[in-house]
Structure formats: structure tokens, C-alpha cells
Amino acid sequence: MQHKILDWHRAQTKQRRWFWQVPANVVEDESESVIDTIVDDKNENPAEIVARAQDINRVLDALAMMPLRQRQVFLLRAWEGFDVASTASVMACSEGSVKTHYFRALQFMRTQLLLGE
């Protein structure tokens, strides 16, 4: 289950990076490409991009060090947005167990991320 969750997140990230949907009501003009009409509102500073990448790597490293059940609960609750009941159903455990694992996962993540600063 752990590998399937991570594979799904990687696939979604890759897909969002390279593909997007063009609205059906947009008529492409020969002189102007759809890509040319997209406005980038972000003023991306390369230093900020590197800092974000380092933050993501720190989170992924902390996830790798986390115990398996805590990692699974954390991914389902925090990344997937499942509620306690859905997470318990998916993991075939009690809601109390989900709450305990999630609380411990949050504590672990906080300590790991604070140590890295």
C-alpha cells in the first residue's frame, strides 16, 4: 500500500508538471499559441525554488524515517485528505488507532523538521 501511495503521488506530480487541459471553449488562433496566452503570475526567484526543493527533500527524508503505519496514516490523512473513518476503513484498523498513529506521525514530523533548521 505504501508503494502505491508514493507511486500515485509521483505520477500526479509528473502529470501536473507537463500536462494541462485546455478549456473546450478556447479556439486556437493560428497566430497565437495557447502557451503564449498563459500568464505566469509568479516571479520565481531561483533561490526560493532551491529552498522549496530542499524543504520537500526534508519532508521526504522525514517520511522515510517514519514507522510504516505512521507513514501510511500520515499520507492518507495529510496528503490525501481522508477523514479518520475512511482512513480506518482503508487500513483495516480502528479509528482510535488511526488517531494515535496520526498524532505520533505529526509529532515525529515536527521534531524532524525542527531539527533540520
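## Getting started

Contact here means that heavy atoms lie within 4.5 Å. Among contacts between residues at least 6 apart in sequence, 57% join residues at least 24 apart.

Please keep in mind that this is a predicted model, in which local features need pLDDT of at least 70 and side-chain atom pairs count only at pLDDT 80 or more, while totals for chains, interfaces and linings use all residues. Residues are numbered from 1 along each chain as its sequence is written, and side-chain values use heavy atoms, with hydrogens and water left out.

## The overall picture

The protein has 6 helices and 0 strands; helices (H or I, at least four residues) and strands (E, at least two) are DSSP runs, numbered from the N terminus. Of its 117 residues, 21% count as buried. Buried means under 20% relative accessible area, exposed means over 50%, and partly exposed is in between (1.4 Å probe, protein chains only).

## Helix α4 and what follows

Helix α4 (residues 68-79) has 12 residues and reaches 15 Å from its first C-alpha to its last, close to the 16 Å expected at 1.5 Å a residue. That expected span is 1.5 Å times one less than the number of residues.

Within α4, the buried residues include Val 73, Phe 74, Leu 75 and Leu 76. After α4 comes Gly 81, with a positive phi near 80 degrees.

## Where α5 meets α6

The axes of α5 (residues 84-91) and α6 (residues 95-115) come within 8 Å and cross at roughly 100 degrees. That makes α5 roughly perpendicular to α6, a label for angles of 65 to 115 degrees. Axes are lines fitted to C-alpha atoms, for helices over the stretch in contact, and angles run from 0 to 180 degrees between N-to-C directions.

On the α5 side, Val 84, Ala 85, Thr 87 and Ala 88 meet Glu 95, Val 98 and Lys 99 of α6. Thr 87 is buried, with a relative accessible area of 0%. Leaving aside neighbours within four places in sequence, Thr 87 touches Leu 76, Arg 77, Phe 82 and Val 98.

Helix α6 has 21 residues and spans 30 Å from first C-alpha to last, close to the 30 Å expected at 1.5 Å a residue. Its buried residues are Val 98, His 101, Tyr 102, Ala 105 and Met 109. They cover an arc of only 100 degrees around the axis, which puts them on the same side of α6; the arc is that of the directions from the helix axis to the C-beta atoms.

The face turned away from that buried side of α6 carries the exposed residues Lys 99, Arg 110, Leu 114 and Leu 115.

Methods:
Parallel < 35°, antiparallel > 145°, perpendicular 65-115°, else oblique.
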